[in-house]
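Work through the exercises below with the sequence and the model at hand. Each task is followed by a solution in steps.

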Amino acid sequence: MIELPDLVAGGLAAGTLSALALGGGLLRLRRQQTRQRAETTALRTQLDGSLRAFTAEVEHLAARRVPAAAQQVAHPHLAVPGPLQPLTVGTPLGIALENVLLALQSEVASQRTRVDAAAQAGMRGATREIQAALYRLQDALRRLQQRYDDPELAQTLFQLDHENEQSLRRAQVAAVVCGAWVGLAREESHLVDAVTGGQARLAGYQRVKVHNHLEPGTALVSHAVEPVAIIVAELLDNALRHSAPDTDVVVSLEHVHHGVCVTVDDAGLGMTRDERDRAQRLVAGDAPILLTDLGDPPRMGLAAIGRLTRQFDLGVDVSSTSPYGGVRAVLRVDSHLLSRLDPTDRPPAPSAPRTTRKSVPAAAPAPSHAYGTEEAVPDAPGHHTAMDVDKDEDGDRDGDRDRDGLPQRRRRRTRPAAAAAVPETSAPPAPSRPARRPEEAAAALGALQSGTAAARSGAEAAPAGSARTAAHDTDHTDEGGAAR
């Protein structure tokens, strides 16, 4: 039997042990709570830091990166700043922010294209009305030129017609940049006529010197005539504007392996590398053209060239330096855009520069009708018959021969006996060659009117409106050249 003191002692011992165990548990719990509190504080601090960093990153995105990304759509050379924390690159947060920028650029580009298309549509409508009004004014001026023979009035009318032609060219270029058609329907024409026609549309055309080294009869197919004239006019306009007024702009027409090249050399200041690269991108026509990319006010000349080169399969290069220190611009017309016209049946305009290419004499003895020289011209579409000889011998065609200025007609060999009996001076005198400058002789302008009355009468019968006929446009080329 256990005595009471032993029981008390055992109970006290058990209570002591329980108290010790409870105290130890409480101590461990307190330490754990202290550690958890410290971890919670650290996590809260880290969360606050992350929140501040994320807020700063978003503010940086809105203040710096978004505007730069929007500007990069219009100016690809601009750089977009990176994130504030480089460690975010490649993380989900960094990827999400980059996706925001990409989506923004895509939407800005889409809206920019839509707005620009609306602006181009509005400008197309405006230029169409302006072109129609200028065409009507052009027809009225030509009717006045035909009606009155006074030399002073003729000179004034020619000057007004030239000013109107310059306004028409600017409206036409704006329409082409905005996606409109060139606005003229023309038939096959001599390439030199297209070049001089583009020259006649400019102020300061007297400074342009054209050297024609093409074979007689080199022509353009119908749908390439007006585009070539527009491109030449814009290249010459740039050359005239960016060179000193006392210098000349030299134009050379040459045959090359794949067609014909029209080379324009000026003596201006030239272009920097960046300007040259931008100009080459514009004339290549590879990238879409937006009005907002052309400056304020828009400079549309090179953009119009780019539209036409892409539409009509032409080639333009402005990456070279001219021998005079300025810019060399080269227009390449491939063989599939070239044609051939008989220079005797359809001679170039009287004001067109004569070709320097000499006719090659025939290897075989000349036949009795002495037309060997023209038969020696390679790839001629047809030869002259005895009927043609009669036309030349009886004097009906001699005036045209002198007027068109084709060297093969001048360098004909011994004439047949019947024709040799009549000296060339007995043929009806040809109309005097028009003066190069309008101010040199007003009487020459009056003489030109009488000499081109037949061509103008054909232009009178052509349909009016923006779609011009070939006869009408050829007459305009003659008039523009005569003003020179």
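Predicted model: local features only at pLDDT ≥ 70, side-chain atom pairs only at ≥ 80, totals over all residues.

**Exercise 1. The aromatic pair**

Solution. Step two: its members are Trp 181 and Phe 312, with 5.4 Å centre to centre and 50° between the planes. Step three: planes under 30 degrees apart count as stacked and over 60 as edge-to-face, with the rest tilted; the pair of Trp 181 and Phe 312 is therefore tilted. Step four: Trp 181 sits in the loop between helix H3 (151–177) and strand E1 (189–190), while Phe 312 belongs to helix H7 (residues 301–312), so the pair ties together parts that are 131 residues apart in sequence. Step five: Trp 181 has a relative accessible area of 56% and is exposed, whereas Phe 312 is buried.

**Exercise 2. The nonpolar core**

Which residues of the largest nonpolar core touch the most other members?

Solution. The core has 54 residues, and those touching the most other members are Val 177, Val 251, Leu 253 and Leu 331. Helix H5 (residues 222–241) gives the largest share of this core, eleven residues. Next, take Val 251 and leave aside its neighbours within four places in sequence: its contacts include Val 195, Val 208, Leu 236 and Val 264. Lys 209 and His 211 are also among the contacts of Val 251.

**Exercise 3. An exposed loop residue**

Where is His 258, and what is it in contact with beyond its neighbours within four places in sequence?

Solution. His 258 is placed in the loop between strand E4 (249–256) and strand E5 (259–265). With a relative accessible area of 52%, His 258 is exposed. Beyond those sequence neighbours, His 258 is in contact with Val 333, Asp 334 and Ser 335. The C-alpha atoms of His 258 and Ser 335 are separated by 5.7 Å, although the two residues are 77 apart along the chain.

**Exercise 4. A surface patch and the whole chain**

Which residues make the nonpolar surface patch of about 300 Å²?

Solution. Leu 22, Leu 26 and Leu 29 make the patch, and Leu 26 is found in helix H1 (residues 4–74). Of the 484 residues, 41% are buried.

Definitions and conventions
Residues numbered from 1 in each chain as written. Heavy atoms only, no water. Phe/Tyr/Trp six-rings, centres within 6.5 Å; stacked < 30°, edge-to-face > 60°. Helix = DSSP H or I, 4+ residues; strand = E, 2+ residues; numbered from the N terminus. Buried < 20%, exposed > 50% of the residue type's maximum accessible area, 1.4 Å probe, protein only. Patch = residues over 30% accessible without salt bridge, like charges linked within 9 Å, V, L, I, M, F, W, Y side chains within 5 Å. Areas by Shrake-Rupley, 256 points an atom, 1.4 Å probe, with all protein chains shown as cover. Salt bridge = Lys/Arg side-chain N within 4 Å of Asp/Glu carboxyl O. Core = buried A, V, L, I, M, F, W, Y, C linked by side-chain atoms within 4.5 Å. Contact = heavy atoms within 4.5 Å.
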